Amino acid sequence: MLVLMLGGCAGGERPVGPGGVVIDDSHSSSAHSSRVRFLVLHYTDEDEATSLEILSGPRVSAHYLVPRRPGRERGAPRVYRLVDESRRAWHAGASAWAGRTHLNDSSLGIELVNAGPDRPSIEAAPTVAWAPFPDEQITALIALLRDLIARHDIAPTDLLGHAEIAPTRKIDPGPAFPWRHLYAAGIGTWPLEADLARYRRLFAAGPPPLAVLQRALAAWGYAVTPSGELDSATRGALRAFQMRYRPADHRGRPDADTAARLWALLARYRPEALVDPALASPLSPSAATPGKPPAPQG
């Protein structure tokens, strides 16, 4: 029987596949792309053994886990793959970015073994000690990210921290995570110094009205509504933004330096957002009561 089956296949017949149908792969389409739009970075807040146990299910998971000490096999750093990239891992939870929600559906989750802050509450930001990320761990992460970015065509603005997509619930990967190191390696986003200097001059007397700042946060990608009120969503978004782009002060308060960094990023990566009059002239009297936010980017 085996000889007959092999002979049938050799003669050009295709075996019956799942569901009792013959799958014909002789034609393929070029009209497709990766389902993966975002890469989301987390820290585990646990040691390696506990992280592996928790991320193996049944409640949460991630596609990759990067140990603190990855070690090397065949000359390359070793990381754990816990969920195949074709499958949906449970790492993002309730989440949103650039108009998209439920980011588990369109992202890969990457966990880094890291202990996070030394206390449950981080409100007293200057006194909180955050666990560092060893150089060898970041080296392994950079190698992994380069591969994922190339294979899934990930835009610089779509490499995100968990805090950015869930700012009222999450703080990881935290202010100790070396985002600028990743940018220096050609990964992710960072404002240009010339743009930053220009917007620091613009906001020298103070930040724009809160509704305008909220509008800029929404244009960058955060799920924030321009209400003019410093609500929990706005404070969380500001804190997440500051943890990434100004980690020395991440209290979630609006200020001129945060505004300068945000506008500098918009100018570099989302210049179309600055067509909005409220964002193009954020200190003009008419900007104090902006209308409908610009359409989400991404």
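How many nonpolar, polar and charged residues does the lining of the largest pocket have? The lining has nine nonpolar, seven polar and eight charged residues, where Ala, Val, Leu, Ile, Met, Phe, Trp, Tyr, Cys and Pro count as nonpolar, Asp, Glu, Lys and Arg as charged, and the others, Gly among them, as polar. The structure is a predicted model, in which local features need pLDDT of at least 70 and side-chain atom pairs count only at pLDDT 80 or more, while totals for chains, interfaces and linings use all residues. Residues are numbered from 1 along each chain as its sequence is written, and side-chain values use heavy atoms, with hydrogens and water left out.

The chain as a whole comes first. It holds ten helices and nine strands, taken as DSSP runs numbered from the N terminus (helices H or I, at least four residues; strands E, at least two). Of the 298 residues, 46% are buried; buried means under 20% relative accessible area, exposed over 50%, and partly exposed in between, with a 1.4 Å probe and protein chains only. The accessible surface comes to about 15,000 Å², with 55% of this belonging to carbon and sulfur atoms (Shrake-Rupley method, 1.4 Å probe; for residues, only the protein chains shown count as cover). Among contacts (heavy atoms within 4.5 Å) between residues at least 6 apart in sequence, 67% join residues at least 24 apart.

Back, then, to the open space. The largest pocket contains about 500 Å³ and is lined by 24 residues, with Tyr 43, Thr 44, Glu 111, Lys 170 and Asp 172 nearest its centre. Strand β1 (38–43) and helix α2 (48–55) each supply at least two lining residues, and α2 gives the largest share, three residues. On a 1 Å grid over the protein atoms alone, a pocket is an open set of points with protein on both sides within 12 Å along at least five of seven lines, whereas a cavity is a set where a 1.4 Å probe fits but cannot get out; lining residues have an atom within 4 Å of a point. Points are joined across faces, edges and corners, and a volume is the space filled by probe spheres set on them.

One cavity of 30 Å³ or more is present. The largest cavity holds about 70 Å³, and Asp 172, Trp 179, Met 243 and Arg 244 are among the residues that line it. Two or more lining residues come from each of α4 (162–165) and α8 (232–245), with α8 giving the largest share, three. By class, this lining divides into six nonpolar, two polar and three charged residues.

Helix α7 (residues 210–220) is mostly covered, with ten of its eleven residues buried. Among these buried residues are Gln 214, Arg 215 and Trp 220, and the cover includes β6 (96–97), α8, α9 (256–269) and α10 (277–280). Just after α7, Gly 221 takes a positive phi of about 145°.

His 152, in helix α3 (residues 135–152), counts as buried because its relative accessibility is 12%. The side chain of His 152 makes a polar contact with that of Glu 85 at 2.7 Å (a pair of N or O atoms within 3.5 Å; within protein, one must be able to donate a hydrogen and the other to accept it, and residues adjacent in sequence count only if both atoms are side-chain atoms). Ala 115, in the loop between β8 (107–112) and α3, is partly exposed, with a relative accessible area of 44%. Ala 115 and Tyr 43 are 72 residues apart in sequence, yet their C-alpha atoms are 7.5 Å apart in space.
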